[in-house]
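Thanks for coming. I will take a few minutes to walk through one model, so please look at the sequence and structure as I go.

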Amino acid sequence: MDENEKAQIWKDYSLEHWNDWKWQIKNRITDTEQLSKIVHLKKEEKEDIEKCLQKFKMAITPYYAALIDDSNPDCPIRKQAIPSAKELIIDPCEREDPLCEEKYSPVPGLVHRYPDRVLLVLTHKCSMYCRHCTRRRLVGCEDYSISDKRLEAALEYIRKNTVIRDVLLSGGDPLVMPDARLEGIIKKVREIPHVEIIRIGTRTPVVLPMRITDELLNMLKKYHPLWINTHFNHPKEITKESSEACRKIVDAGIPLGNQSVLLRGVNDDTEILKALFLKLVSIRVRPYYLYQCDVSQGIGHFRTKVSKGMEMLKSIRGNITGFAVPEYVIDAPGGGGKTPVNRDYIVDMTEEGVTLRNFEGKIFYYPNPKE
Ligand SMILES: *Cc1c(COP(=O)(O)O)cnc(C)c1O
Ligand code: SF4
(Lines give C-alpha, C1' and ligand atoms only; values in the text may rest on other atoms or scores of the structure.)
(Ligands and ions follow the chains in the order given, each with its own letter.)
Protein backbone atom coordinates (compact mmCIF):
# COMPACT_ATOMS: atom_id res chain seq x y z
CA MET A 1 0.00 0.00 0.00
CA ASP A 2 1.52 3.36 -0.97
CA GLU A 3 1.28 6.76 0.73
CA ASN A 4 -1.66 7.88 -1.41
CA GLU A 5 -3.71 4.82 -0.66
CA LYS A 6 -3.00 5.19 3.05
CA ALA A 7 -4.05 8.85 2.96
CA GLN A 8 -7.33 7.87 1.32
CA ILE A 9 -8.15 5.34 4.00
CA TRP A 10 -6.96 7.23 7.09
CA LYS A 11 -7.97 10.89 7.01
CA ASP A 12 -5.17 12.08 9.31
CA TYR A 13 -2.52 9.87 7.73
CA SER A 14 1.07 11.11 7.91
CA LEU A 15 4.32 9.20 8.18
CA GLU A 16 4.70 10.51 11.70
CA HIS A 17 1.29 9.19 12.70
CA TRP A 18 1.96 5.89 10.96
CA ASN A 19 5.13 5.38 12.99
CA ASP A 20 3.35 6.21 16.25
CA TRP A 21 2.12 3.02 17.92
CA LYS A 22 -0.62 4.80 19.80
CA TRP A 23 -2.01 6.15 16.51
CA GLN A 24 -1.85 2.61 15.11
CA ILE A 25 -3.86 1.26 18.07
CA LYS A 26 -6.39 4.07 17.89
CA ASN A 27 -6.92 3.43 14.19
CA ARG A 28 -7.32 -0.31 14.30
CA ILE A 29 -9.83 -1.88 11.95
CA THR A 30 -12.62 -3.33 14.04
CA ASP A 31 -15.71 -3.45 11.82
CA THR A 32 -16.67 -4.36 8.26
CA GLU A 33 -17.22 -0.71 7.36
CA GLN A 34 -13.54 0.07 7.92
CA LEU A 35 -12.44 -3.29 6.59
CA SER A 36 -14.11 -2.74 3.24
CA LYS A 37 -11.80 0.24 2.67
CA ILE A 38 -8.83 -2.14 2.86
CA VAL A 39 -10.11 -5.18 1.02
CA HIS A 40 -12.86 -5.74 -1.47
CA LEU A 41 -15.67 -7.54 0.39
CA LYS A 42 -18.54 -9.27 -1.36
CA LYS A 43 -21.95 -8.94 0.27
CA GLU A 44 -21.91 -12.55 1.55
CA GLU A 45 -18.39 -12.11 2.92
CA LYS A 46 -19.46 -9.03 4.80
CA GLU A 47 -22.40 -10.90 6.32
CA ASP A 48 -20.19 -13.83 7.31
CA ILE A 49 -17.71 -11.53 9.00
CA GLU A 50 -20.47 -9.74 10.85
CA LYS A 51 -21.77 -13.07 12.13
CA CYS A 52 -18.27 -13.92 13.39
CA LEU A 53 -17.90 -10.58 15.08
CA GLN A 54 -20.84 -11.40 17.33
CA LYS A 55 -18.73 -14.17 18.80
CA PHE A 56 -15.09 -13.10 18.35
CA LYS A 57 -13.64 -9.59 18.12
CA MET A 58 -11.64 -8.31 15.18
CA ALA A 59 -8.83 -5.77 15.44
CA ILE A 60 -6.19 -5.20 12.79
CA THR A 61 -3.50 -2.55 13.04
CA PRO A 62 -3.24 -0.31 9.97
CA TYR A 63 0.38 -1.48 9.62
CA TYR A 64 -0.61 -5.17 9.45
CA ALA A 65 -3.67 -4.45 7.29
CA ALA A 66 -1.45 -2.69 4.76
CA LEU A 67 0.42 -5.97 4.24
CA ILE A 68 -2.73 -7.71 2.94
CA ASP A 69 -2.65 -8.48 -0.75
CA ASP A 70 -6.24 -7.86 -1.81
CA SER A 71 -5.70 -9.52 -5.17
CA ASN A 72 -4.91 -12.84 -3.46
CA PRO A 73 -7.85 -14.55 -1.71
CA ASP A 74 -5.35 -16.89 -0.04
CA CYS A 75 -3.14 -14.10 1.29
CA PRO A 76 -1.52 -15.43 4.49
CA ILE A 77 -1.81 -12.05 6.20
CA ARG A 78 -5.49 -11.85 5.36
CA LYS A 79 -6.15 -15.34 6.74
CA GLN A 80 -4.54 -14.47 10.06
CA ALA A 81 -6.35 -11.16 10.43
CA ILE A 82 -9.78 -11.28 8.77
CA PRO A 83 -12.56 -13.47 10.25
CA SER A 84 -13.97 -16.35 8.27
CA ALA A 85 -17.35 -18.08 8.56
CA LYS A 86 -15.39 -21.25 9.34
CA GLU A 87 -14.78 -19.88 12.84
CA LEU A 88 -18.41 -20.63 13.65
CA ILE A 89 -18.08 -24.34 12.83
CA ILE A 90 -17.23 -26.14 16.05
CA ASP A 91 -16.17 -29.79 16.07
CA PRO A 92 -17.10 -31.84 19.16
CA CYS A 93 -13.39 -32.52 19.83
CA GLU A 94 -12.67 -28.80 20.18
CA ARG A 95 -12.58 -27.19 23.60
CA GLU A 96 -12.70 -23.76 25.15
CA ASP A 97 -9.58 -24.36 27.19
CA PRO A 98 -7.69 -27.23 25.51
CA LEU A 99 -4.56 -26.70 27.62
CA CYS A 100 -6.54 -26.79 30.90
CA GLU A 101 -4.91 -23.56 31.97
CA GLU A 102 -7.73 -22.94 34.43
CA LYS A 103 -6.94 -26.19 36.22
CA TYR A 104 -3.27 -25.25 36.61
CA SER A 105 -4.00 -21.76 37.89
CA PRO A 106 -3.17 -21.53 41.63
CA VAL A 107 -4.11 -17.85 41.75
CA PRO A 108 -6.08 -15.92 39.10
CA GLY A 109 -3.90 -14.83 36.19
CA LEU A 110 -1.06 -17.23 36.96
CA VAL A 111 -0.52 -20.63 35.28
CA HIS A 112 1.90 -23.00 37.01
CA ARG A 113 2.10 -26.04 34.73
CA TYR A 114 5.82 -26.85 34.71
CA PRO A 115 7.97 -27.31 37.82
CA ASP A 116 10.37 -24.37 37.53
CA ARG A 117 8.39 -21.72 35.65
CA VAL A 118 5.10 -19.84 35.60
CA LEU A 119 3.10 -17.91 33.06
CA LEU A 120 1.64 -14.63 34.24
CA VAL A 121 -1.26 -13.23 32.22
CA LEU A 122 -0.96 -9.44 32.34
CA THR A 123 -3.72 -8.51 29.95
CA HIS A 124 -6.28 -9.99 27.58
CA LYS A 125 -5.68 -7.24 25.03
CA CYS A 126 -3.64 -7.52 21.84
CA SER A 127 -2.99 -4.94 19.16
CA MET A 128 -4.15 -7.44 16.51
CA TYR A 129 -6.48 -10.35 17.22
CA CYS A 130 -5.11 -13.40 15.43
CA ARG A 131 -7.84 -15.56 13.97
CA HIS A 132 -5.95 -18.67 15.12
CA CYS A 133 -5.53 -17.56 18.74
CA THR A 134 -5.62 -20.50 21.12
CA ARG A 135 -6.61 -18.35 24.11
CA ARG A 136 -9.57 -16.85 22.33
CA ARG A 137 -11.84 -17.81 25.24
CA LEU A 138 -10.15 -14.86 26.96
CA VAL A 139 -8.29 -12.76 24.46
CA GLY A 140 -10.39 -10.11 22.84
CA CYS A 141 -13.49 -11.07 24.83
CA GLU A 142 -13.24 -8.68 27.73
CA ASP A 143 -10.96 -5.74 28.31
CA TYR A 144 -8.94 -7.21 31.14
CA SER A 145 -5.63 -5.98 32.55
CA ILE A 146 -4.22 -7.35 35.77
CA SER A 147 -5.26 -5.34 38.84
CA ASP A 148 -2.82 -4.40 41.61
CA LYS A 149 -4.58 -6.81 43.92
CA ARG A 150 -4.28 -9.76 41.53
CA LEU A 151 -0.69 -8.88 40.72
CA GLU A 152 0.20 -8.83 44.40
CA ALA A 153 -1.40 -12.26 44.90
CA ALA A 154 0.54 -13.65 41.92
CA LEU A 155 3.82 -12.12 43.15
CA GLU A 156 3.19 -13.54 46.61
CA TYR A 157 2.74 -17.01 45.08
CA ILE A 158 6.03 -16.66 43.19
CA ARG A 159 7.82 -15.38 46.31
CA LYS A 160 6.61 -18.36 48.35
CA ASN A 161 7.46 -20.94 45.70
CA THR A 162 11.23 -20.79 45.55
CA VAL A 163 11.35 -23.46 42.81
CA ILE A 164 10.13 -20.83 40.33
CA ARG A 165 13.20 -19.56 38.49
CA ASP A 166 11.56 -18.40 35.24
CA VAL A 167 8.60 -16.02 34.94
CA LEU A 168 6.92 -15.67 31.58
CA LEU A 169 4.89 -12.49 31.11
CA SER A 170 2.14 -13.20 28.65
CA GLY A 171 -1.45 -12.42 27.74
CA GLY A 172 -2.85 -11.21 25.42
CA ASP A 173 0.13 -9.13 24.56
CA PRO A 174 1.98 -7.48 27.47
CA LEU A 175 3.48 -4.85 25.17
CA VAL A 176 0.12 -3.16 24.65
CA MET A 177 0.54 -1.91 28.22
CA PRO A 178 2.11 1.49 28.85
CA ASP A 179 5.86 1.45 29.62
CA ALA A 180 5.37 2.68 33.19
CA ARG A 181 2.85 -0.02 34.10
CA LEU A 182 5.01 -2.71 32.50
CA GLU A 183 8.08 -1.49 34.34
CA GLY A 184 6.21 -1.46 37.65
CA ILE A 185 5.42 -5.17 37.14
CA ILE A 186 8.82 -6.28 35.82
CA LYS A 187 10.60 -4.47 38.63
CA LYS A 188 8.61 -6.36 41.25
CA VAL A 189 9.29 -9.69 39.56
CA ARG A 190 13.00 -8.86 39.31
CA GLU A 191 13.14 -8.14 43.06
CA ILE A 192 12.32 -11.79 43.83
CA PRO A 193 15.75 -13.35 44.47
CA HIS A 194 15.05 -16.86 43.11
CA VAL A 195 13.64 -15.60 39.78
CA GLU A 196 16.57 -16.05 37.44
CA ILE A 197 15.03 -15.13 34.11
CA ILE A 198 12.09 -13.04 32.97
CA ARG A 199 10.50 -13.67 29.59
CA ILE A 200 7.96 -11.74 27.56
CA GLY A 201 5.74 -13.39 24.97
CA THR A 202 4.60 -10.82 22.42
CA ARG A 203 3.44 -10.56 18.82
CA THR A 204 4.15 -6.83 18.79
CA PRO A 205 7.26 -6.93 16.56
CA VAL A 206 5.11 -8.62 13.88
CA VAL A 207 1.84 -6.69 14.05
CA LEU A 208 2.87 -3.35 15.60
CA PRO A 209 6.65 -2.99 15.14
CA MET A 210 6.59 0.76 15.91
CA ARG A 211 5.80 -0.16 19.53
CA ILE A 212 9.43 -1.30 19.92
CA THR A 213 10.75 2.13 20.85
CA ASP A 214 14.11 3.14 22.30
CA GLU A 215 12.34 4.14 25.53
CA LEU A 216 10.79 0.68 25.88
CA LEU A 217 14.12 -1.05 25.30
CA ASN A 218 16.06 1.25 27.62
CA MET A 219 13.55 0.28 30.29
CA LEU A 220 13.61 -3.46 29.56
CA LYS A 221 17.36 -3.76 29.49
CA LYS A 222 17.59 -2.66 33.13
CA TYR A 223 16.05 -5.99 34.09
CA HIS A 224 18.36 -8.49 32.44
CA PRO A 225 18.47 -11.45 32.02
CA LEU A 226 15.30 -10.85 30.02
CA TRP A 227 14.26 -12.85 26.98
CA ILE A 228 11.56 -12.24 24.39
CA ASN A 229 9.69 -14.70 22.21
CA THR A 230 7.69 -13.39 19.31
CA HIS A 231 5.32 -14.95 16.78
CA PHE A 232 6.10 -14.77 13.04
CA ASN A 233 4.18 -17.30 10.94
CA HIS A 234 5.00 -16.34 7.37
CA PRO A 235 7.99 -14.83 5.52
CA LYS A 236 5.72 -12.01 4.28
CA GLU A 237 5.61 -10.75 7.87
CA ILE A 238 9.33 -10.07 7.82
CA THR A 239 9.29 -6.51 6.53
CA LYS A 240 11.63 -3.55 6.84
CA GLU A 241 9.69 -2.42 9.90
CA SER A 242 9.49 -5.77 11.69
CA SER A 243 13.16 -6.47 10.94
CA GLU A 244 14.07 -3.13 12.47
CA ALA A 245 12.02 -3.90 15.60
CA CYS A 246 13.86 -7.21 15.97
CA ARG A 247 17.23 -5.55 15.41
CA LYS A 248 16.51 -3.12 18.23
CA ILE A 249 15.47 -5.88 20.61
CA VAL A 250 18.55 -7.96 19.91
CA ASP A 251 20.82 -4.91 20.10
CA ALA A 252 19.42 -4.28 23.59
CA GLY A 253 20.97 -7.62 24.54
CA ILE A 254 17.64 -9.43 24.64
CA PRO A 255 17.76 -12.91 23.10
CA LEU A 256 14.85 -13.11 20.68
CA GLY A 257 13.09 -16.36 19.81
CA ASN A 258 10.14 -17.15 17.62
CA GLN A 259 7.15 -19.40 18.21
CA SER A 260 5.23 -20.16 15.02
CA VAL A 261 1.96 -22.00 14.73
CA LEU A 262 1.52 -24.47 11.90
CA LEU A 263 -1.55 -23.14 10.09
CA ARG A 264 -3.32 -24.79 7.20
CA GLY A 265 -3.45 -22.49 4.19
CA VAL A 266 -0.95 -20.08 5.76
CA ASN A 267 2.33 -21.89 6.27
CA ASP A 268 1.71 -25.64 5.84
CA ASP A 269 4.20 -25.79 3.00
CA THR A 270 7.83 -26.86 3.17
CA GLU A 271 9.16 -24.01 1.03
CA ILE A 272 7.25 -21.38 3.01
CA LEU A 273 8.45 -22.75 6.35
CA LYS A 274 12.02 -23.01 5.12
CA ALA A 275 11.94 -19.42 3.85
CA LEU A 276 10.45 -18.28 7.17
CA PHE A 277 13.13 -20.00 9.27
CA LEU A 278 15.99 -18.72 7.10
CA LYS A 279 14.66 -15.17 7.08
CA LEU A 280 14.27 -15.28 10.85
CA VAL A 281 17.90 -16.26 11.48
CA SER A 282 19.02 -13.59 9.03
CA ILE A 283 17.37 -10.99 11.27
CA ARG A 284 18.90 -12.70 14.34
CA VAL A 285 15.68 -14.31 15.54
CA ARG A 286 16.04 -17.91 16.64
CA PRO A 287 13.19 -20.24 15.61
CA TYR A 288 12.23 -21.81 18.95
CA TYR A 289 8.97 -23.75 18.58
CA LEU A 290 6.68 -24.73 15.76
CA TYR A 291 3.35 -25.49 17.43
CA GLN A 292 0.82 -27.94 16.17
CA CYS A 293 -2.41 -25.89 16.09
CA ASP A 294 -4.43 -26.47 19.28
CA VAL A 295 -7.92 -27.95 19.39
CA SER A 296 -9.45 -24.64 20.48
CA GLN A 297 -12.98 -23.77 19.45
CA GLY A 298 -13.36 -21.96 16.16
CA ILE A 299 -9.87 -22.58 14.78
CA GLY A 300 -10.37 -26.11 13.44
CA HIS A 301 -10.02 -24.92 9.83
CA PHE A 302 -6.40 -24.00 10.57
CA ARG A 303 -5.42 -27.47 11.80
CA THR A 304 -3.27 -29.88 9.81
CA LYS A 305 -2.50 -33.53 10.35
CA VAL A 306 0.47 -34.18 12.61
CA SER A 307 2.09 -36.36 9.93
CA LYS A 308 2.14 -33.30 7.63
CA GLY A 309 4.23 -31.31 10.11
CA MET A 310 6.56 -34.24 10.67
CA GLU A 311 7.16 -34.72 6.96
CA MET A 312 7.85 -31.04 6.39
CA LEU A 313 10.35 -30.75 9.22
CA LYS A 314 12.06 -33.95 8.14
CA SER A 315 12.68 -32.53 4.71
CA ILE A 316 13.97 -29.24 6.15
CA ARG A 317 16.23 -30.56 8.93
CA GLY A 318 19.79 -31.13 7.77
CA ASN A 319 19.32 -29.02 4.68
CA ILE A 320 19.55 -25.69 6.49
CA THR A 321 21.47 -24.30 9.49
CA GLY A 322 20.74 -26.45 12.53
CA PHE A 323 19.58 -23.60 14.72
CA ALA A 324 17.21 -22.35 12.03
CA VAL A 325 15.00 -25.39 12.66
CA PRO A 326 12.59 -25.06 15.60
CA GLU A 327 11.34 -27.88 17.80
CA TYR A 328 7.98 -29.15 16.57
CA VAL A 329 5.67 -29.50 19.58
CA ILE A 330 2.09 -30.36 20.43
CA ASP A 331 0.68 -28.68 23.49
CA ALA A 332 -1.09 -31.88 24.51
CA PRO A 333 -4.88 -31.42 24.81
CA GLY A 334 -6.04 -31.93 28.38
CA GLY A 335 -3.11 -30.09 29.90
CA GLY A 336 -0.28 -32.46 29.01
CA GLY A 337 2.07 -29.60 28.29
CA LYS A 338 4.37 -28.97 25.34
CA THR A 339 5.43 -32.32 23.98
CA PRO A 340 8.01 -32.75 21.21
CA VAL A 341 6.71 -34.59 18.17
CA ASN A 342 9.31 -37.34 17.95
CA ARG A 343 9.86 -41.01 18.72
CA ASP A 344 10.64 -40.44 22.40
CA TYR A 345 7.15 -39.06 23.00
CA ILE A 346 4.88 -40.61 20.36
CA VAL A 347 3.29 -43.81 21.64
CA ASP A 348 0.97 -44.42 18.70
CA MET A 349 0.01 -42.71 15.49
CA THR A 350 -2.99 -43.41 13.28
CA GLU A 351 -4.90 -41.53 10.59
CA GLU A 352 -7.22 -40.31 13.36
CA GLY A 353 -4.66 -38.88 15.73
CA VAL A 354 -1.54 -39.19 17.83
CA THR A 355 -1.07 -40.66 21.31
CA LEU A 356 1.68 -38.93 23.25
CA ARG A 357 3.55 -39.56 26.47
CA ASN A 358 4.35 -36.20 28.11
CA PHE A 359 7.34 -35.16 30.25
CA GLU A 360 5.62 -36.62 33.32
CA GLY A 361 5.02 -40.00 31.67
CA LYS A 362 1.27 -39.41 31.33
CA ILE A 363 -0.68 -40.30 28.19
CA PHE A 364 -2.53 -37.71 26.05
CA TYR A 365 -4.26 -37.77 22.67
CA TYR A 366 -4.25 -35.22 19.85
CA PRO A 367 -7.04 -35.77 17.29
CA ASN A 368 -6.17 -34.99 13.67
CA PRO A 369 -8.59 -32.73 11.81
CA LYS A 370 -11.19 -34.66 9.83
CA GLU A 371 -10.80 -34.29 6.08
C1 LIG B 1 4.69 -22.51 27.17
C2 LIG B 1 4.53 -22.34 28.59
C3 LIG B 1 5.64 -22.09 29.41
C4 LIG B 1 7.05 -21.99 28.86
O5 LIG B 1 7.49 -23.22 28.36
P6 LIG B 1 8.91 -23.37 27.67
O7 LIG B 1 8.88 -24.74 27.08
O8 LIG B 1 9.93 -23.26 28.77
O9 LIG B 1 9.07 -22.30 26.68
C10 LIG B 1 5.41 -21.96 30.75
N11 LIG B 1 4.19 -22.06 31.29
C12 LIG B 1 3.11 -22.33 30.54
C13 LIG B 1 1.77 -22.46 31.18
C14 LIG B 1 3.23 -22.44 29.15
O15 LIG B 1 2.16 -22.69 28.39
S1 SF4 C 1 -1.04 -12.02 19.71
FE2 SF4 C 1 -1.10 -14.02 20.74
S3 SF4 C 1 -2.59 -13.77 22.40
FE4 SF4 C 1 -2.91 -12.08 20.95
S5 SF4 C 1 -4.49 -12.77 19.54
FE6 SF4 C 1 -2.50 -13.29 18.62
S7 SF4 C 1 -2.09 -15.40 19.27
FE8 SF4 C 1 -3.70 -14.59 20.64
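Proline 225 is in the loop between helix H11 (214–220) and strand E5 (226–230). Helices here are DSSP runs of H or I with at least four residues, strands are runs of E with at least two, and both are numbered from the N terminus. The peptide bond joining histidine 224 to proline 225 is cis, with omega about -5 degrees.

Before going further, this is a predicted model: local features need pLDDT of at least 70, side-chain atom pairs count only at pLDDT 80 or more, and totals for chains, interfaces and linings use all residues. Residues are numbered from 1 along each chain as its sequence is written, chains are lettered from A and ligands numbered from 1 in the order in which they are written, and side-chain values use heavy atoms, with hydrogens and water left out.

There is also a cis peptide bond between glycine 171 and glycine 172, where omega is about 25 degrees. Glycine 172 lies in the loop between strand E3 (166–170) and helix H9 (179–190).

Gly172 also turns up around ligand 2, together with Cys126, Met128, Tyr129, Cys130, Cys133, Val139, Arg203 and His231. To be listed, a residue needs a heavy atom within 4 Å of the molecule. What is the make-up of this shell in nonpolar, polar and charged residues? It divides into 6 nonpolar, 2 polar and 1 charged. In that count Ala, Val, Leu, Ile, Met, Phe, Trp, Tyr, Cys and Pro are nonpolar, Asp, Glu, Lys and Arg are charged, and the others, Gly among them, are polar.

Where does ligand 2 sit? It sits in the largest pocket. A pocket is an open set of points on a 1 Å grid over the protein atoms alone, where a 1.4 Å probe fits, with protein on both sides within 12 Å along at least five of seven lines. Sitting in it means that more than half of the molecule's atoms lie within 2 Å of its grid points.

Next, backbone angles. Most residues other than glycine have a negative phi, and most peptide bonds are trans. Cysteine 100 is not a glycine, yet has a positive phi of about 55 degrees. Its place is the loop between helix H7 (76–81) and strand E1 (110–114). Arginine 284, also not a glycine, has a positive phi of about 65 degrees. Arginine 284 is in the loop between helix H13 (270–282) and strand E7 (286–292). Is arginine 284 buried or partly exposed? It is partly exposed, because its relative accessible area is 44%; buried means under 20%, exposed over 50%, and partly exposed in between, with a 1.4 Å probe and protein chains only.

Serine 14 is 270 residues from arginine 284 along the chain, and their C-alpha atoms are separated by 30 Å. Serine 14 is found in the loop between helix H1 (3–9) and helix H2 (15–18). With a relative accessible area of 25%, serine 14 is partly exposed.

At 23% relative accessibility, threonine 134 counts as partly exposed.

How values were computed. 1 Å grid on protein atoms, 1.4 Å probe; cavity = no way out; pocket = protein on both sides within 12 Å on 5 of 7 lines; lining within 4 Å.
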